[in-house]
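The entries follow the order in which I looked things up.

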Amino acid sequence: MLLVHAAMASVSVLFAINYIISKLGMHVFNPLTFAYLRVLAAAIILNTVLRERNAAPLEPGDGWRLFGFSILGVVINQSLFLAGLALTTAHAAAILITTIPIFALAAAIGLGRERPTAVKVGGIALSAAGAIVLIGGEGFSGTAKSLIGDLMIVGNSLSYALYLVFSKPAMSRMSARRVIARMFAIASIVMLPIAAWPMMHEPWRTIPPAAWWSLAFVIAGPTIAAYLMNAWALKYAESSVVAAYTYLQPVFAVILAAIFLQEQVRPIALLAGAMIVGGVYISGRLSRGDAETRRETV
């Protein structure tokens with residue numbers, strides 16, 4: 001389980017870096033252009049360079065399942081996230097993303113896949129409290145003027161949470177690499193009509209190399225690597241635990257801002273980080289206990 005938690009923590013680091021790099025990239029690119037190029041490049045790489053050989057055939061209905069996963073986990077998720085990030089602040093986006101575990105837990109409980117025990121809810125509540133402490137300490141300025149962007153980030157969080165919950169059974173029996181490759185291939189087709197107009201009006205000749213490098217990093221790290229690690233983690237951890245690692249993103253974002261933007265990390269941020277990690281740890285321990293209980297009662 002240590003490797004699983006390491007993978008989920010790495011995903012949080014990559015997503016935290018994504019706030020900074022994507023924000024810089026979208027100073028030049030239109031958000032929808034940036035989103036589509038990210039998805040298209042990931043689809044090409046995953047289905048060619050990283051293509052899985054000799055994969056088992058899909059079961060009946062898997063094609064439609066993968067289509068649904070693609071809509072929730074890539075099309076809606078990527079479009080709303082980057083469009084919302086362009087309209088609101090990186091701090092606000094990082095904080096609002098922490099609604100993912102709340103949505104994921106509610107969906108999992110509604111589907112009867114997870115039990116709403118006091119310890120599990122308490123662990124998620126502790127992480128949520130840590131995120132709130134971080135927001136209160138670092139400030140929540142500017143969000144009143146970016147309501148649309150904030151709502152887009154909340155919509156993105158709901159979409160990604162539903163993807164985590166609904167894809168959990170499929171990830172347990174299918175290859176993570178194959179699922180993610182199919183999802184991005186589908187998304188590259190579905191998103192083309194949405195991104196066609198801004199791409200036609202993009203000033204391609206004036207885009208500086210730094211913007212292209214930011215796009216390349218977002219494709220390789222927060223897109224391909226992060227999606228593959230998250231999909232692999234879903235084989236061994238409950239969807240709510242995978243989602244709970246979202247609470248680490250604001251902490252990592254503050255640390256990265258201090259390193260690259262010379263922002264000061266105050267003690268309250270360290271306190272919030274401890275609360276967030278503690279909540280994730282409690283949720284993870286409970287999930288293992290639940291799994292053992294279920295095996296014993298079968």
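I call a crossing left-handed if the near helix is turned anticlockwise from the far one by less than a right angle, and right-handed if clockwise. The model is predicted, so I took local features only at pLDDT of at least 70 and side-chain atom pairs only at pLDDT 80 or more, while totals for chains, interfaces and linings use all residues. Residues are numbered from 1 along each chain as its sequence is written, and side-chain values use heavy atoms, with hydrogens and water left out.

**Entry 1: α2 and α9.** I took helices as DSSP runs (H or I, at least four residues), numbered from the N terminus. I noted that α2 (residues 31-47) passes α9 in a left-handed crossing. Helix α2 and helix α9 (residues 192-200) pack at about 125 degrees, with axes 8 Å apart; axes are lines fitted to C-alpha atoms over the stretch in contact, and angles run from 0 to 180 degrees between N-to-C directions. That makes α2 oblique to α9 (under 35 degrees is roughly parallel, over 145 roughly antiparallel, 65 to 115 roughly perpendicular, and the rest oblique). On α2 I listed L32, T33, Y36 and L37, and on α9 L192, I194, A195, P198 and M199, contact meaning heavy atoms within 4.5 Å. By class, this contact of α2 with α9 has eight nonpolar, one polar and no charged residues; Ala, Val, Leu, Ile, Met, Phe, Trp, Tyr, Cys and Pro count as nonpolar, Asp, Glu, Lys and Arg as charged, and the others, Gly among them, as polar.

**Entry 2: α3 and its partners.** I found α1 and α3 packed at about 70 degrees with axes 10 Å apart, which makes α1 roughly perpendicular to α3. In α1, N18, Y19, S22 and K23 meet F81, L82, L85 and A86 of α3. For α3 and α8 (residues 176-190) I read about 75 degrees and 8 Å between axes, so α3 is roughly perpendicular to α8 as well. The residues of the α3 contact with α8 divide into twelve nonpolar, two polar and one charged.

Entry 3: I took a cavity as a set of points on a 1 Å grid over the protein atoms alone where a 1.4 Å probe fits but cannot get out, lining residues having an atom within 4 Å of a point. The largest cavity is lined by 22 residues, with F15, N77, I100, Y160 and Q249 nearest its centre. I noted that α1 gives the largest share of this lining, six residues. By class, the lining has 13 nonpolar, eight polar and one charged residues.

How values were computed: Helix = DSSP H or I, 4+ residues; strand = E, 2+ residues; numbered from the N terminus. 1 Å grid on protein atoms, 1.4 Å probe; cavity = no way out; pocket = protein on both sides within 12 Å on 5 of 7 lines; lining within 4 Å.
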